[in-house]
Amino acid sequence: MSLLSRLLIPAGLVAAVVAAFAFLQLESAALLSRDGLAQMAAYASGFMAPDLSPAHLQAIARGTLETLAMSAIGTLLAALFGLLLALPAAGRFGLLAQAASRLLLNALRAIPELVWAALMVLAAGLGPNAGTLALALHTAGVLGRLFAEALENTPPQPADALRLAGSGHIAAFCYGTLPSLWPQLVAYTLYRWENNIRMASVLGFVGAGGLGQMLYMSLSLFQEAQASTVILAMLAMVLAVDSLSAWARQRWVRG
Amino acid sequence: MLTLLAVALLWPGVRLSELDLGVLFDGSNADTMGTFLSAFWPPEHSGEFLGLLWQATLETLAIATAGMTLALAVAIPCALLATRVLSLSALSRGGRPAWWAQALRWPVRGLLIVLRSIPEIVWALLFVRAVGLGPTAGVLAIAITYAGMLGKVYAEIFESVDPLPARALLGAGASRLQAFLYGVLPQATGEMLSYSVYRWECAIRASVVMGFVGAGGLGQQMDLSMRMFAGGEVAAMLLTFLALVLLADLLSRMLRWRFA
């Protein structure tokens with residue numbers, strides 16, 4: 001076994017790398033030739049002077065707001081839908097419902113957001129609506145599974161006590177289970193929202209609205225200056241979200 | 001009161017995102033989607049298409065592997081430059097480098113932050129415009145984004161291991177590279193390898209998604225089939241994608257278990 005891990009795995013890795021480069025036949029010679037490099041430099045220099053005119057900045061502000069709105073609404077829809085699916089997935093309504101809802105959650109989760117967005121653009125037309133739905137579908141799969149796990153791990157005693165005291169199913173859930181579950185649900189939802197902000201900014205590449213669509217359009221029209229401003233806006237948004245969530249985590253989670 | 005506030009905040013959001021669930025059930029839209037979805041079963045399985053699918057899958061794997069290799073080639077030197085462990089000025093200051101030495105590390109750290117903060121698909125879109133459609137753009141995009149992530153994580157791993165062996169070596173007059181190779185690397189290998197394997201798994205998923213902007217592999221074929229409303233082909237590719245992700249997950253878990 002030690003021989004296996006000492007020789008076979010490294011040899012396999014090297015073989016895989018060599019095979020990958022051989023298969024792709026990267027045209028590195030053409031890429032690194034003087035011509036290719038000059039072309040790349042000319043292309044890159046277009047990005048060096050971002051377009052900071054007020055009209056364009058206003059469009060970018062609108063795109064940023066649209067991205068934020070897409071991510072927020074998508075995450076909220078996903079949280080609702082995820083909670084609805086999490087109840088059967090945690091085994092509350094029998095085995096058959098559990099298996100069916102788990103399968104549905106896995107399918108929703110396994111398909112990446114961008115593929116959902118491409119499908120939703122076909123189904124609901126171009127624009128932020130498609131992006132919101134795509135985010136909602138994928139995130140519902142993720143949150144549904146997390147919620148179901150949280151639901152299985154909450155202590156059942158409070159709800160049982162309420163049931164024994166004669167309250168209905170729904171009341172027992174609302175007053176017995178939900179209070180201890182709530183902080184976890186909120187934490188998971190916020191965490192996914194953070195991810196979705198990042199995702200929402202690129203969903204536009206397939207036509208689903210937000211900053212991504214602006215970037216795609218301006219690159220297609222060879223407006224490098226405008227594109228470079230959009231990239232800067234994306235960068236600023238990602239960095240802001242990162243530092244905000246790091247700050248919030250330090251303040252509330254470690255607290 | 002709280003409800004009112006929430007509605008006041010959400011309403012502009014709903015307006016901006018143009019949320020309209022009704023579109024999905026609108027007559028003609030539902031018809032188009034219905035025919036598209038009904039073509040999903042059975043998935044396309046003619047010999048010619050399966051050959052194409054096999055090629056695209058291999059291409060996806062090759063993009064992920066080649067991209068990771070290039071990323072490693074960039075990330076390791078950057079991590080060495082960015083880490084505090086190999087600081088000479090820290091030797092006499094109880095492990096804290098002088099301020100000017102820290103300032104010299106900042107440009108590298110800043111570069112790594114920029115590389116990883118721009119999503120890989122944006123890099124892919126840019127490279128598709130620069131080097132043309134095809135896998136080259138995908139490889140370069142993965143190489144750049146993952147170099148940023150790996151560089152940062154490696155630098156952190158180097159800093160999290162026991163610094164005393166490296167300090168002893170540096171103090172005894174070893175060069176920085178020697179101190180790294182004999183003082184830091186032996187402790188860091190396991191963690192580095194398992195993180196790299198995990199990233200390779202992520203690279204496979206990313207390379208499928210990047211195909212949608214024309215960077216080769218399974219995603220590009222999926223995009224083409226979707227535009228032609230070829231439901232059977234899309235279904236076959238989605239299934240292949242799921243199988244690929246499951247296999248990569250399995251392989252990476254196996255490798256990590258060996259390394260850890």
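1. Chain B consists of eleven helices and zero strands. Read from the N terminus, its elements run α-α-α-α-α-α-α-α-α-α-α. The radius of gyration of chain B is 24 Å, well over the 18 Å that the globule rule gives for 260 residues, so chain B is more spread out than a compact globule. Along the principal axes, the C-alpha atoms of chain B fill a box of roughly 80 × 60 × 35 Å. Note that this is a predicted model.

2. Helix H4 (residues 47–82) and helix H7 (residues 135–160) of chain B have axes that come within 6 Å and cross at roughly 40 degrees. Angles under 35 degrees would count as roughly parallel; H4(B) and H7(B) are therefore oblique to each other. Their crossing is right-handed. In the contact of H4(B) with H7(B), 23 residues are nonpolar, three are polar and one is charged.

3. H7(B) also pairs with helix H6 (residues 120–131) of chain B: the two axes come within 8 Å and cross at roughly 140 degrees. Roughly antiparallel would need an angle over 145 degrees, and H6(B) and H7(B) are therefore oblique to each other. The crossing of H6(B) and H7(B) is right-handed.

4. Which residues of H6(B) meet H7(B)? They are Glu120(B), Trp123(B), Ala124(B), Phe127(B), Val128(B) and Val131(B). On the H7(B) side, the residues include Thr136(B), Gly138(B), Leu140(B), Ile144(B) and Thr145(B). By class, this contact of H6(B) with H7(B) has ten nonpolar residues, three polar and one charged.

5. For chain A, the domain assignment gives domain 1 (2–45) and domain 2 (54–254). The C-alpha centres of domain 1 and domain 2 of chain A are 36 Å apart.

6. The contact between the chains takes 44 residues from chain A and 40 residues from chain B. Several helices of chain A each supply at least two residues to the side that touches chain B, among them H3 (34–45), H4 (54–89), H9 (169–203) and H11 (224–254). H1(A) gives the most to that side, with eight residues. The side of chain A that touches chain B divides into 36 nonpolar, five polar and three charged residues.

Methods. Residues are numbered from 1 along each chain as its sequence is written. Chains are lettered from A and ligands numbered from 1 in the order in which they are written. This is a predicted model: local features need pLDDT of at least 70, side-chain atom pairs count only at pLDDT 80 or more; totals for chains, interfaces and linings use all residues. Axes are lines fitted to C-alpha atoms, for helices over the stretch in contact, and angles run from 0 to 180 degrees between N-to-C directions. Helices (H or I, at least four residues) and strands (E, at least two) are DSSP runs, numbered from the N terminus. Angles under 35 degrees count as roughly parallel, over 145 as roughly antiparallel, 65 to 115 as roughly perpendicular and the rest as oblique. A crossing is left-handed if the near helix is turned anticlockwise from the far one by less than a right angle, and right-handed if clockwise. Ala, Val, Leu, Ile, Met, Phe, Trp, Tyr, Cys and Pro count as nonpolar, Asp, Glu, Lys and Arg as charged, and the others, Gly among them, as polar. Two residues are in contact if their C-beta atoms, placed from the backbone, lie within 7 Å. Domain bounds come from an automatic or database domain assignment. The radius of gyration is taken over C-alpha atoms; the globule rule is 2.2 Å times the number of residues to the power 0.38.
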